[in-house]
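Reader: I would like to learn how to read salt bridges and strands in a model. Please take one feature at a time.

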Amino acid sequence: MVADTAKKPKIAERIEDDDSDDNIDGELVLSIEKLQEIQDDLEKVNEEASDKVLEVEQKYSDLRRPVYARRAEIIKAIPDFWLTAFMSHPALGDLLNEEDQKIFKHLASLEVEEFKDVKSGYSITFNFVPNPFFEDVKLTKTFNFSDEGSTNVTSTNIKWKVEKDIANGDHKEKKGGKRPFGDDSFFSWFKEIQHYDLLDGFHDEVAEIIREDLWSNPLRYFNNEAEEDDFDGDEEDEEGKGSEDDDDELGDDEDED
């Protein structure tokens with residue numbers, strides 16, 4: 001987008017429109033207009049920088065693909081790898097009830113695929129071996145981001161086998177529109193959003209955790225190397241800082257006494 005060099009700052013217009021000659025400061029108007037030109041130049045640089053960042057993200061997204069493929073081959077030889085990684089994650093582990101864990105034992109692989117144009121979206125796919133719970137061997141949830149700022153979310157309509165539909169079972173009533181941890185099935189996540197255009201600002205917390213945290217280093221969670229404090233590090237740091245400040249204040253008060 002090219003900045004409008006003919007644009008005049010509103011404050012300069014107010015000064016020029018003032019009826020009193022005493023309030024008209026030509027140098028001030030000139031300075032403000034020059035400042036606006038500099039801001040316009042900065043906007044063009046920022047837009048160019050954004051384009052370059054996207055190019056770099058796209059480049060490294062392509063470079064990661066074969067590495068992820070090699071990782072997936074090794075994971076296939078490790079029993080219950082993704083079940084263990086999920087259950088060890090401080091946020092995702094709470095989403096799997098006992099029946100979900102039985103299903104996850106049939107999970108062969110997990111894939112997070114960025115679209116060719118990384119800013120246009122991504123998909124999360126759970127690949128299963130044939131199992132007694134549903135007919136599908138692939139469950140996918142896809143997020144498409146439009147240039148207009150909306151998000152279109154689609155997901156697999158799970159074909160459950162007879163009397164195995166735990167996502168549609170008789171569950172407790174949702175509280176505040178959210179399903180309680182450990183109550184509803186994780187697989188109801190595939191039903192929560194289907195074929196809806198959502199306004200900018202929507203986010204799927206489960207998808208974001210899988211995409212940005214679990215997928216990047218599942219071995220960390222499989223080995224149970226991560227603690228809940230690590231996952232909520234920023235919040236804990238702020239709380240810790242606040243506690244230290246309180247301690248310092250108490251210490252100062254004692255010194256004064």
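Author: Start with a definition: helices (H or I, at least four residues) and strands (E, at least two) are DSSP runs, numbered from the N terminus. This is a predicted model, where local features need pLDDT of at least 70, side-chain atom pairs count only at pLDDT 80 or more, and totals for chains, interfaces and linings use all residues. Residues are numbered from 1 along each chain as its sequence is written, and side-chain values use heavy atoms, with hydrogens and water left out.

Reader: How many salt bridges does the structure hold?

Author: Side chains of opposite charge can pair when their charged atoms come close. A salt bridge here is a side-chain nitrogen of Lys or Arg within 4 Å of a carboxyl oxygen of Asp or Glu. The structure holds nine. One of them joins E99 and K102, with the closest N and O atoms 3.0 Å apart. Both residues lie in helix α4 (residues 98-104), three residues apart, about one turn of the helix.

Reader: Which residue forms a salt bridge with D204?

Author: K141 does, at 3.1 Å between the closest N and O atoms. D204 lies in the loop between β5 (196-198) and α6 (205-214) and K141 in strand β3, so the pair ties together parts 63 residues apart in sequence. D204 is buried at 8% relative accessible area (buried means under 20%, with a 1.4 Å probe and protein chains only).

How values were computed
Buried < 20%, exposed > 50% of the residue type's maximum accessible area, 1.4 Å probe, protein only.
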